[in-house]
Amino acid sequence: MKKHIHIPRFIWEALILIALLVIVFGLLGTRMGAGNMMNTITHTAHDLLLNTVFFLMGITVLSGAFGKLLVEFGVVRIIEKILRPLMKPLFGLPGVAALGAVLTFLSDNPAIISLAKDKQFASYFKKYQLISLTNFGTAFGMGLVVIAFMIGQGFSTGAFVGIAGAVVGGLISTRLMQFFVLKSHPEYKLAPAIEEGYKTNESALLKDNESKDSVFIRALNAILDGGKVGVELGLAIIPGVLIISTAVMMMTFGPAGEEGQYIGAAYEGVPLLPYLADKIDWFFKALFGFDSPELVAFPITALGAVGAALGLVPRFIEVGIIDNNAIAVFTAMGMCWSGYLSTHTAMLDSLGYRKLTGKAIAAHTIGGLCAGVFAHWLYVLVSVL
């Protein structure tokens, strides 16, 4: 009888990683030259840090201060009241879910989980509805940052069209997630999200500010506190922008030398993604209206981190391959996806439903694609009118 040789997991994982690194860096180094490859990696990361990350951090600090100011003086509550009637017919959620949409729009995806774990908030939901908040909140995460960034690049029309696309994508993703959950767990339809008999108190959840400080002090504290949150968010996106954007750009753009040679400059690479996208160019043209295959790098990057995806935009502008239609699609997909592959597992795990992560990712993938398609065709309609 043959004995099966058991190889410890850490050994074969290490061997696979080494093989992948050898293949990736070997191909890049062979094509670019080892020295040029290393120079390009460091120069690209350095340029992204100085010209993209700090720009994004400026936006996150200002948007954080602005968002905190809106919360402090009750503007968020007014917006939530206005949006509340839309929640049930559109998203199949209780009206109070509008608060989650506003807060994630002003901050980031995890804000919805902080709310969902609040018993006062969760008491309004059935189980399947509470689970779908992962998809609902993600569709609006970092919305203010994305829109401010796009407008700052000079594409306001595309940015505002993209908001509509993100809403449609969020609607589809949330509804699909509810469908998937009820199909596998029909008992969740009537089951309350928290134990029966818990007394809800909406006034406690959305209570008015009762601070005795003067208006000036409240405003100053709100701005400074919100700015600090913005700094934390700005720091949090640094790894994604530097690592993911550098990797994607090195698979998007070619040599920068005047005679087509590699010189080790920032943003050089081997254009693998455009090569692959060009094979099905008709597909991306029909769905999103992309005129350049390089543009597919944005939605691919947004799967992991929307901050990193935003880091690609200045380069697209520099090489002249972007327009308002692309910005509309980028805004829609960037807002809707906003790095869901890197956050959905943690978000559902914190709610205690990690086993449903696959369903959440599938629903959000479809929702994000629909967001981009809707934004493209809406922009075409707006352009005609």
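Keep in mind that the model is predicted.

Start with helix α20. Helix α20 covers residues 357–384, which is 28 residues. From first C-alpha to last, α20 reaches 41 Å.

Which residues of α20 are buried? The list is T357, A360, A363, H364, G367, G368, A371, G372, A375, H376 and Y379. Look at the spacing along that list. An α-helix has 3.6 residues a turn, so residues three or four places apart point the same way.

And what covers the buried residues of α20? The cover includes α7 (127–138), α9 (156–184) and α14 (281–288). It also includes α18 (324–337) and α19 (340–351).

Now the rings. The model has 15 aromatic pairs. A pair of aromatic rings is described by the distance of the centres and the angle of the planes. Take F253 and F316. Their ring centres are 6.1 Å apart and their planes stand at 55°, so the pair is tilted. F253 is in the loop between α12 (238–249) and α13 (272–279), while F316 is in helix α17, residues 313–319. The pair therefore ties together parts that are 63 residues apart in sequence.

Both partners are inside. F253 is buried at 9% relative accessible area, because the cut-off for buried is under 20%. F316 is buried too, at 1%.

A second pair is W337 with Y340. This one is tilted as well, with 5.9 Å centre to centre and 45° between the planes. W337 counts as buried at 4% relative accessibility. Y340 counts as buried at 1%.

Back to F253 for a moment. Ring pairs link F253 and F316 into a cluster with W282, F283, F284, F288, F290, F298 and F330. F253 also has a charged neighbour: R315 lies over the face of the F253 ring, 5.1 Å from the ring centre.

Next, the cysteines. How many disulfides are there? The count is zero. A disulfide is a covalent bond between the sulfur atoms of two cysteines. For C370 the nearest cysteine sulfur is that of C336, so C370 is in no disulfide either. Their surroundings are worth a look. C336 counts as buried, at 0% relative accessibility. C370 is partly exposed, with a relative accessible area of 27%.

First, H185. H185 sits in the loop between α9 and α10 (202–205). Is H185 buried or exposed? H185 is buried, at 15% relative accessible area. Leaving out residues up to four places away in sequence, H185 touches K355 and L356.

Then A309. A309 is in helix α16, residues 306–310. A309 counts as buried, at 0% relative accessibility. Which residues does A309 contact, beyond neighbours within four places in sequence? They are S245, F298, T301 and A302. F298 also belongs to the ring cluster. As for F66, 243 residues away along the chain, its C-alpha is separated from that of A309 by 23 Å.

Notes:
Residues numbered from 1 in each chain as written. Predicted model: local features only at pLDDT ≥ 70, side-chain atom pairs only at ≥ 80, totals over all residues. Heavy atoms only, no water. Helix = DSSP H or I, 4+ residues; strand = E, 2+ residues; numbered from the N terminus. Expected span 1.5 Å × (residues − 1). Buried < 20%, exposed > 50% of the residue type's maximum accessible area, 1.4 Å probe, protein only. Contact = heavy atoms within 4.5 Å. Phe/Tyr/Trp six-rings, centres within 6.5 Å; stacked < 30°, edge-to-face > 60°. Lys NZ or Arg CZ within 6 Å of the ring centre and 35° of its normal. Disulfide = S-S within 2.5 Å.
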